[in-house]
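The following note sets out numbered points for a colleague who wishes to read the model alongside its sequence. Each point is kept to one topic.

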Amino acid sequence: MRNYKEPRSAEIRLDILELIKKIVADGGTRTPTEVQLAERLGVSRTMIRDCLDVLEQDGYVNRIHGVGTIINKDVVNTICRLDLEESLYDMIRHAGAEPELLSVKYEELKANEMIAEKLNIEVNSNLIKISQVIGAGEIPVIYCMDYIPYTPEFKSGEDFADNFISIYELLTDLGKNELHLDLTELFAGIIDEELSDIMKLPVNTPILCTSEVAYDIFGEPELYTEEYFREDILHHRVLHKKVL
(Lines give C-alpha, C1' and ligand atoms only; values in the text may rest on other atoms or scores of the structure.)
Protein backbone atom coordinates (compact mmCIF):
# COMPACT_ATOMS: atom_id res chain seq x y z
CA MET A 1 0.00 0.00 0.00
CA ARG A 2 1.45 3.35 -1.04
CA ASN A 3 1.15 5.92 1.72
CA TYR A 4 3.46 8.63 0.43
CA LYS A 5 1.94 11.92 -0.76
CA GLU A 6 0.43 11.71 -4.22
CA PRO A 7 1.42 14.30 -6.83
CA ARG A 8 -1.00 17.14 -7.54
CA SER A 9 -2.15 15.58 -10.82
CA ALA A 10 -3.18 12.39 -9.00
CA GLU A 11 -5.21 14.42 -6.51
CA ILE A 12 -7.01 16.25 -9.32
CA ARG A 13 -7.62 12.98 -11.15
CA LEU A 14 -9.28 11.56 -8.04
CA ASP A 15 -11.37 14.74 -7.70
CA ILE A 16 -12.58 14.33 -11.28
CA LEU A 17 -13.34 10.65 -10.70
CA GLU A 18 -15.40 11.51 -7.61
CA LEU A 19 -17.29 14.08 -9.66
CA ILE A 20 -17.89 11.46 -12.37
CA LYS A 21 -19.33 9.09 -9.76
CA LYS A 22 -21.74 11.80 -8.59
CA ILE A 23 -22.78 12.49 -12.19
CA VAL A 24 -23.48 8.77 -12.71
CA ALA A 25 -25.45 8.60 -9.44
CA ASP A 26 -27.59 11.50 -10.68
CA GLY A 27 -28.22 9.77 -14.01
CA GLY A 28 -25.76 11.82 -16.05
CA THR A 29 -23.74 10.48 -18.95
CA ARG A 30 -21.12 13.17 -19.68
CA THR A 31 -18.57 15.22 -17.78
CA PRO A 32 -18.43 19.02 -17.86
CA THR A 33 -16.15 20.52 -20.50
CA GLU A 34 -12.41 20.89 -19.90
CA VAL A 35 -12.88 24.62 -19.37
CA GLN A 36 -15.66 24.06 -16.83
CA LEU A 37 -13.62 21.43 -14.97
CA ALA A 38 -10.56 23.70 -14.90
CA GLU A 39 -12.60 26.55 -13.42
CA ARG A 40 -14.32 24.28 -10.93
CA LEU A 41 -11.10 22.67 -9.65
CA GLY A 42 -8.90 25.75 -9.95
CA VAL A 43 -6.26 24.20 -12.21
CA SER A 44 -5.08 24.63 -15.77
CA ARG A 45 -6.90 23.16 -18.75
CA THR A 46 -3.71 21.25 -19.58
CA MET A 47 -3.84 19.43 -16.25
CA ILE A 48 -7.52 18.62 -16.78
CA ARG A 49 -6.72 17.23 -20.23
CA ASP A 50 -3.88 15.11 -18.84
CA CYS A 51 -6.13 13.75 -16.06
CA LEU A 52 -8.90 12.91 -18.51
CA ASP A 53 -6.35 11.12 -20.70
CA VAL A 54 -5.47 8.84 -17.76
CA LEU A 55 -9.13 8.28 -16.88
CA GLU A 56 -9.76 7.32 -20.50
CA GLN A 57 -6.84 4.88 -20.43
CA ASP A 58 -8.37 3.36 -17.29
CA GLY A 59 -11.70 2.95 -19.08
CA TYR A 60 -13.79 5.37 -17.03
CA VAL A 61 -14.58 7.67 -19.96
CA ASN A 62 -14.48 7.87 -23.75
CA ARG A 63 -13.43 11.17 -25.28
CA ILE A 64 -15.05 11.77 -28.65
CA HIS A 65 -14.03 14.77 -30.74
CA GLY A 66 -16.99 17.07 -31.33
CA VAL A 67 -19.15 15.18 -28.85
CA GLY A 68 -17.47 15.45 -25.46
CA THR A 69 -16.39 13.11 -22.67
CA ILE A 70 -18.77 10.17 -22.34
CA ILE A 71 -18.87 8.30 -19.01
CA ASN A 72 -18.73 4.49 -18.94
CA LYS A 73 -21.10 4.05 -15.99
CA ASP A 74 -20.63 0.28 -15.62
CA VAL A 75 -16.87 0.77 -15.32
CA VAL A 76 -17.36 3.62 -12.84
CA ASN A 77 -19.63 1.40 -10.74
CA THR A 78 -17.18 -1.51 -10.68
CA ILE A 79 -15.96 -1.96 -7.11
CA CYS A 80 -12.68 -3.88 -7.45
CA ARG A 81 -10.46 -3.96 -10.53
CA LEU A 82 -7.33 -6.06 -10.68
CA ASP A 83 -6.05 -4.16 -13.72
CA LEU A 84 -5.64 -0.93 -11.71
CA GLU A 85 -2.89 -0.10 -9.23
CA GLU A 86 -4.58 0.58 -5.92
CA SER A 87 -3.83 -0.16 -2.31
CA LEU A 88 -5.29 -3.13 -0.48
CA TYR A 89 -6.98 -0.67 1.85
CA ASP A 90 -8.65 1.12 -1.06
CA MET A 91 -9.97 -2.20 -2.39
CA ILE A 92 -11.86 -2.66 0.86
CA ARG A 93 -13.04 0.97 0.92
CA HIS A 94 -14.40 0.60 -2.61
CA ALA A 95 -16.31 -2.46 -1.43
CA GLY A 96 -18.12 -0.18 1.03
CA ALA A 97 -16.29 -1.22 4.21
CA GLU A 98 -13.74 0.39 6.50
CA PRO A 99 -10.33 -1.31 6.26
CA GLU A 100 -8.44 -2.27 9.37
CA LEU A 101 -5.02 -3.83 9.86
CA LEU A 102 -5.87 -6.86 12.01
CA SER A 103 -2.33 -8.18 12.34
CA VAL A 104 1.18 -7.69 11.01
CA LYS A 105 4.30 -9.65 11.82
CA TYR A 106 7.75 -10.29 10.42
CA GLU A 107 10.02 -13.28 10.34
CA GLU A 108 13.45 -14.04 8.96
CA LEU A 109 13.79 -17.18 6.85
CA LYS A 110 15.71 -18.78 3.98
CA ALA A 111 14.69 -18.50 0.34
CA ASN A 112 13.36 -21.68 -1.21
CA GLU A 113 13.87 -22.41 -4.91
CA MET A 114 10.65 -20.72 -6.01
CA ILE A 115 11.20 -17.46 -4.12
CA ALA A 116 14.90 -17.42 -5.02
CA GLU A 117 13.95 -17.60 -8.70
CA LYS A 118 11.34 -14.84 -8.31
CA LEU A 119 13.81 -12.48 -6.61
CA ASN A 120 16.84 -13.54 -8.66
CA ILE A 121 18.82 -14.54 -5.56
CA GLU A 122 20.56 -17.70 -4.38
CA VAL A 123 18.63 -20.52 -2.77
CA ASN A 124 18.89 -20.32 1.05
CA SER A 125 19.60 -16.58 0.91
CA ASN A 126 18.28 -14.71 3.94
CA LEU A 127 14.81 -13.22 3.55
CA ILE A 128 12.48 -10.92 5.44
CA LYS A 129 8.82 -11.97 5.36
CA ILE A 130 6.11 -9.47 6.32
CA SER A 131 2.64 -10.98 6.83
CA GLN A 132 -0.47 -8.81 7.07
CA VAL A 133 -4.13 -9.57 7.62
CA ILE A 134 -6.35 -6.69 6.50
CA GLY A 135 -10.01 -6.75 7.39
CA ALA A 136 -13.33 -5.12 6.66
CA GLY A 137 -13.84 -4.17 10.26
CA GLU A 138 -13.05 -7.36 12.19
CA ILE A 139 -13.65 -9.69 9.20
CA PRO A 140 -10.38 -10.88 7.57
CA VAL A 141 -10.56 -10.02 3.86
CA ILE A 142 -6.98 -9.98 2.56
CA TYR A 143 -3.97 -12.02 3.65
CA CYS A 144 -0.74 -10.62 2.24
CA MET A 145 2.78 -12.03 2.49
CA ASP A 146 5.69 -9.87 1.27
CA TYR A 147 9.19 -11.26 0.78
CA ILE A 148 12.30 -9.10 0.38
CA PRO A 149 16.01 -10.01 0.49
CA TYR A 150 17.46 -9.51 3.94
CA THR A 151 19.45 -6.34 4.54
CA PRO A 152 21.33 -5.29 7.70
CA GLU A 153 19.43 -1.99 7.67
CA PHE A 154 16.25 -3.84 8.62
CA LYS A 155 15.27 -2.94 12.19
CA SER A 156 13.05 -5.43 13.99
CA GLY A 157 11.86 -5.44 17.57
CA GLU A 158 8.82 -5.70 19.78
CA ASP A 159 7.46 -2.40 18.46
CA PHE A 160 7.69 -3.46 14.78
CA ALA A 161 3.92 -3.86 14.39
CA ASP A 162 3.25 -0.46 15.98
CA ASN A 163 5.69 1.31 13.65
CA PHE A 164 4.83 -0.56 10.42
CA ILE A 165 3.12 1.63 7.81
CA SER A 166 3.45 -0.28 4.53
CA ILE A 167 5.87 -2.50 2.66
CA TYR A 168 6.62 0.44 0.35
CA GLU A 169 7.61 2.66 3.26
CA LEU A 170 9.80 -0.17 4.54
CA LEU A 171 11.54 -0.54 1.18
CA THR A 172 12.20 3.20 1.13
CA ASP A 173 13.62 3.07 4.65
CA LEU A 174 15.91 0.24 3.55
CA GLY A 175 17.26 2.36 0.69
CA LYS A 176 15.69 0.27 -2.08
CA ASN A 177 14.95 1.72 -5.51
CA GLU A 178 11.39 2.89 -6.13
CA LEU A 179 9.19 0.19 -7.62
CA HIS A 180 8.36 0.77 -11.27
CA LEU A 181 6.14 -2.12 -12.38
CA ASP A 182 4.95 -5.55 -11.34
CA LEU A 183 3.92 -8.81 -12.96
CA THR A 184 1.02 -10.63 -11.35
CA GLU A 185 -0.21 -14.21 -11.70
CA LEU A 186 -3.81 -15.05 -10.78
CA PHE A 187 -4.93 -18.51 -9.77
CA ALA A 188 -7.69 -20.27 -7.86
CA GLY A 189 -6.77 -21.67 -4.48
CA ILE A 190 -8.39 -23.76 -1.78
CA ILE A 191 -8.44 -22.84 1.90
CA ASP A 192 -6.27 -25.20 3.95
CA GLU A 193 -6.23 -25.45 7.73
CA GLU A 194 -3.66 -22.67 8.16
CA LEU A 195 -5.56 -20.27 5.89
CA SER A 196 -8.84 -21.29 7.53
CA ASP A 197 -7.52 -20.05 10.86
CA ILE A 198 -6.27 -16.79 9.31
CA MET A 199 -9.20 -15.97 7.04
CA LYS A 200 -11.94 -17.44 9.26
CA LEU A 201 -13.31 -19.51 6.38
CA PRO A 202 -14.08 -23.24 6.21
CA VAL A 203 -11.42 -25.62 4.91
CA ASN A 204 -11.78 -26.33 1.15
CA THR A 205 -13.42 -22.94 0.46
CA PRO A 206 -12.26 -21.58 -2.95
CA ILE A 207 -10.21 -18.37 -2.72
CA LEU A 208 -8.64 -15.98 -5.23
CA CYS A 209 -4.84 -15.97 -5.03
CA THR A 210 -2.20 -13.78 -6.65
CA SER A 211 1.57 -13.93 -6.80
CA GLU A 212 3.39 -10.78 -7.81
CA VAL A 213 6.96 -9.72 -8.51
CA ALA A 214 7.67 -5.97 -8.32
CA TYR A 215 10.62 -4.52 -10.25
CA ASP A 216 12.58 -1.28 -10.00
CA ILE A 217 13.31 1.04 -12.94
CA PHE A 218 16.34 -1.08 -13.86
CA GLY A 219 14.25 -4.23 -14.19
CA GLU A 220 15.60 -5.79 -10.98
CA PRO A 221 13.13 -7.68 -8.74
CA GLU A 222 12.82 -6.02 -5.34
CA LEU A 223 9.71 -7.62 -3.85
CA TYR A 224 7.76 -10.86 -4.11
CA THR A 225 4.18 -10.92 -2.81
CA GLU A 226 1.51 -13.58 -2.29
CA GLU A 227 -2.06 -12.44 -1.59
CA TYR A 228 -5.35 -14.15 -0.78
CA PHE A 229 -8.66 -12.34 -1.29
CA ARG A 230 -12.01 -13.12 0.28
CA GLU A 231 -14.33 -12.98 -2.72
CA ASP A 232 -17.61 -12.90 -0.80
CA ILE A 233 -16.67 -9.31 0.09
CA LEU A 234 -14.35 -8.30 -2.77
CA HIS A 235 -15.71 -8.98 -6.27
CA HIS A 236 -12.81 -8.47 -8.67
CA ARG A 237 -13.07 -7.62 -12.34
CA VAL A 238 -10.52 -6.93 -15.09
CA LEU A 239 -11.09 -4.36 -17.84
CA HIS A 240 -9.94 -5.19 -21.37
CA LYS A 241 -10.01 -2.33 -23.88
CA LYS A 242 -10.33 -3.19 -27.54
CA VAL A 243 -7.43 -2.12 -29.76
CA LEU A 244 -8.73 -0.66 -33.01
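1. A residue is called buried when its relative accessible area is under 20%, exposed when it is over 50%, and partly exposed in between (1.4 Å probe, protein chains only). By that rule L19 is buried, with a relative accessible area of 11%. L19 is found in helix α1.

2. The model is a predicted one, in which local features need pLDDT of at least 70 and side-chain atom pairs count only at pLDDT 80 or more, while totals for chains, interfaces and linings use all residues. Residues are numbered from 1 along each chain as its sequence is written, and side-chain values use heavy atoms, with hydrogens and water left out.

3. Overall composition. The secondary structure of the chain comes to nine helices and ten strands; helices (H or I, at least four residues) and strands (E, at least two) are DSSP runs, numbered from the N terminus. Of the 244 residues of the chain, 41% count as buried. The C-alpha trace spans about 60 × 40 × 40 Å along its principal axes.

4. Surface and contacts of the whole chain. The accessible surface is about 14100 Å², and carbon and sulfur atoms account for 49% of this surface. Such areas come from the Shrake-Rupley method with a 1.4 Å probe; for residues, only the protein chains shown count as cover. Contact means heavy atoms within 4.5 Å. Among contacts between residues at least 6 apart in sequence, 58% join residues at least 24 apart.

5. Helices α1 and α2. The axes of α1 (residues 8-25) and α2 (residues 34-41) come within 12 Å and cross at roughly 110°. That angle makes α1 roughly perpendicular to α2. Axes are lines fitted to C-alpha atoms, for helices over the stretch in contact, and angles run from 0 to 180 degrees between N-to-C directions. Angles under 35 degrees count as roughly parallel, over 145 as roughly antiparallel, 65 to 115 as roughly perpendicular and the rest as oblique. The crossing of α1 and α2 is right-handed; a crossing has this hand if the near helix is turned clockwise from the far one by less than a right angle, and is left-handed if anticlockwise.

6. Residues between α1 and α2. On the α1 side the contact is made by R8, I12, D15, I16 and L19, and on the α2 side by L37, R40 and L41. By class, this contact has five nonpolar, no polar and three charged residues. Ala, Val, Leu, Ile, Met, Phe, Trp, Tyr, Cys and Pro count as nonpolar, Asp, Glu, Lys and Arg as charged, and the others, Gly among them, as polar. Leaving aside neighbours within four places in sequence, L19 is in contact with P32, L37 and R40. L19 and L37 are 18 residues apart in sequence and 9.8 Å apart in space, C-alpha to C-alpha.

7. Helices α1 and α3. The axes of α1 and α3 (residues 45-57) come within 9 Å and cross at roughly 65°. The two helices, α1 and α3, are therefore roughly perpendicular to each other, and α1 passes α3 in a right-handed crossing. From α1, the contact includes R8, I12 and I16; from α3, it includes M47, C51 and L55. The contact has ten nonpolar, one polar and two charged residues.

8. Helices α2 and α3. How do these two helices pack, and at what angle? α2 and α3 pack at an angle of about 110°, with their axes 9 Å apart. Their crossing is right-handed. The contact is made by E34, V35, L37, A38 and L41 of α2 and R45, I48, R49 and L52 of α3. By class, six of these residues are nonpolar, none polar and three charged.

9. Two buried strand residues. S211 lies in strand β8 (residues 206-216) and is buried, with a relative accessible area of 8%. Not counting residues up to four places away in sequence, S211 touches L183, T184, E185, F187, Y224 and T225. P149 lies in strand β6 (residues 139-149) and is buried at 19% relative accessible area. The C-alpha atoms of P149 and L223, 74 residues apart along the chain, are separated by 8.0 Å.

10. Positive phi values. N124 has a positive phi of about 75° although it is not a glycine. N124 is found in the loop between α6 (113-119) and β5 (126-136) and is exposed, with a relative accessible area of 52%. For K200, also not a glycine, phi is positive and near 60°. K200 lies in the loop between α9 (193-199) and β8, and K200 is exposed at 54% relative accessible area.
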